[in-house]
Amino acid sequence: MIIETKVNQTVKQNLQTFFNNHFDGYCVFGYETVEKIIEDINNGDTQSKPIYNFIIIGDNDGAETSINNDAKGYKIFMEFAIYSSIDSRYKENLDRSYVLDEITDDLRDKFDTYKSELPFKRIDFSPATSPSLGENADGLYTVEHTLSFWFVKQI
Amino acid sequence: MMKSSIEGLDDLVSSSKALAPAIKRGKREFLSRHVVIEVNLQGNLVRNLMRLVYNNSDPDTYKRTMSLLNSIRLEHRANSVSVYMDGDYLRQASNTPTFWETGQAPNSKGVNYAFHVEEGHYYNNVAGAGKFSDRAVNVTTEPRPFMEATWQQVLSKINPNRIADRAVRMWSR
């Protein structure tokens, strides 16, 4: 993967802010953090809520572009797989697949409504790119989605 | 005197001369743009490994999968793009003890560690026989599910006609 750490960090911060503003769940970047949250939930240190895990599955530099008369930049394309997970305690009275469907609908609606708040272009959210993944070793039930967008990095 | 002429011959000759560079450039773009970016060879592999993590009841899945994820390398040569797992990295990352009697990739007879991870592999031996003895047998089964799934996805997405795109566009001008 070619993307610079600094750029990567900015993108993550933007996505984190977006999720904190519109979702009642945990927005993380890597399964290590998912495991840590599960541990905290098990210890009673935090509440069971949906966990959204963002994994970079594609990034590349695109064409050079003008930002304004004085500045130039280049387009960067990024693609994430988002794994939205719940454990058996979140909305425990309801069927897991029903709750996962609810979360998927919520993601779609929020991206449709608020995506203009993100500093990215051509944001494309594709819900449920895999069938529901069964209960894993950490007790998580998961659905995978895909998010892609462009942004411009100043040279 | 008789003279025949072909209308547009000069254009045809000049187009023919430009055909070889166009195909060469098309081949380059096919690999660097179509296979690497559009088909997203590496991304497909990452996604299939993550699906394994989210779908497996073995508590060590993530620990082992993380090494697989970190070992993914993409190599772009003149005529090929390879996505593979770095055997040296995997060997260093492995905590699996090696046994002479039986085992999986780390126990293989010292050949191509990454190949044995990517392919289903186990190692059979007669107890007490040395690792390199004739009684030590490497058995390779069908590819691991994440490799097989990635391969099938990549096959369904690759469009070989894209190699000729530039040449066709140039010719039709």
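This is a short tour of a predicted two-chain model, stop by stop.

**Before you start**

Residues count from 1 along each chain as its sequence is written, while chains are lettered from A and ligands numbered from 1 in the order in which they are written. Because the model is predicted, local features need pLDDT of at least 70 and side-chain atom pairs count only at pLDDT 80 or more, whereas totals for chains, interfaces and linings use all residues. The model scores ipTM 0.88 and pTM 0.78.

**Stop 1: chain A, whole**

Select chain A. Its C-alpha trace spans about 60 × 25 × 25 Å along the principal axes. Chain A has three helices and five strands. Helices (H or I, at least four residues) and strands (E, at least two) are DSSP runs, numbered from the N terminus. From that end, the elements of chain A run α-β-α-β-β-α-β-β.

Colour by burial next. A residue is buried if 20 or more other C-beta atoms lie within 10 Å of its own, exposed if 12 or fewer, and partly exposed in between, with C-beta atoms placed from the backbone. Of the 155 residues in chain A, 27% are buried. Now turn to contacts: two residues are in contact if their C-beta atoms, placed from the backbone, lie within 7 Å. Among contacts in chain A between residues at least 6 apart in sequence, 61% join residues at least 24 apart.

**Stop 2: the sheet of chain A**

Show the strands of chain A. They form an open sheet of five strands in the order β1-β2-β3-β5-β4, with mixed pairing. Two strands pair if DSSP finds at least two bridges between them. Which strands stand at the edges? They are β1 (26-28) and β4 of chain A; each has a single partner strand, so one side of each lacks a neighbour in the sheet. Neighbouring strands of this sheet are turned by 20 degrees against each other on average, direction ignored.

Select β2 (residues 51-66) and β3 (residues 72-86) of chain A. They pair in the antiparallel sense over 13 bridges. β2(A) and β3(A) form a hairpin, with five residues between them. Asn53(A) stands opposite Tyr83(A) in β3(A). Phe54(A) stands opposite Ile82(A), also in β3(A).

β3(A) and β5(A) pair in the antiparallel sense over 14 bridges. Here Ser85(A) stands opposite Thr142(A) in β5(A).

**Stop 3: Ser130(A)**

Centre on Ser130(A). Ser130(A) sits in the loop between β4 (121-126) and β5 of chain A. Is Ser130(A) buried or partly exposed? Ser130(A) has 18 other C-beta atoms within 10 Å, so it counts as partly exposed. Leaving aside neighbours within four places in sequence, Ser130(A) is in contact with Val143(A), Glu144(A) and Arg51(B). Select His145(A) too. Ser130(A) and His145(A) are 15 residues apart in sequence and 7.3 Å apart in space, C-alpha to C-alpha.

**Stop 4: chain B, whole**

Switch to chain B. Its secondary structure comes to seven helices and five strands. Along the sequence the pattern is α-α-α-β-β-α-β-α-β-β-α-α. Chain B has 173 residues, of which 21% count as buried. Among its contacts between residues at least 6 apart in sequence, 53% join residues at least 24 apart.

The average for chain B is 73, and 65% of the residues score at least 70.

**Stop 5: where the chains meet**

Show both chains. The contact takes 16 residues from chain B and 17 residues from chain A. On the chain B side, α2 (41-55) and α3 (61-70) each supply at least two residues. α2(B) gives the most, with eight residues. By class, the chain B side has seven nonpolar, six polar and three charged residues. Nonpolar here covers Ala, Val, Leu, Ile, Met, Phe, Trp, Tyr, Cys and Pro; charged covers Asp, Glu, Lys and Arg; the others, Gly among them, are polar.

**Stop 6: α2(B) against α3(B)**

Keep these two helices of chain B. α2(B) and α3(B) pack at an angle of about 170 degrees, with their axes 9 Å apart. That makes α2(B) roughly antiparallel to α3(B). Angles under 35 degrees count as roughly parallel, over 145 as roughly antiparallel, 65 to 115 as roughly perpendicular and the rest as oblique. Axes are lines fitted to C-alpha atoms, for helices over the stretch in contact, and angles run from 0 to 180 degrees between N-to-C directions.

Show side chains. α2(B) contributes Val46(B), Leu49(B), Leu52(B) and Val53(B) to the contact, and α3(B) contributes Thr61(B), Tyr62(B), Thr65(B), Leu68(B) and Leu69(B). These residues divide into seven nonpolar, two polar and no charged.

Key: pLDDT = per-residue confidence, 0-100.
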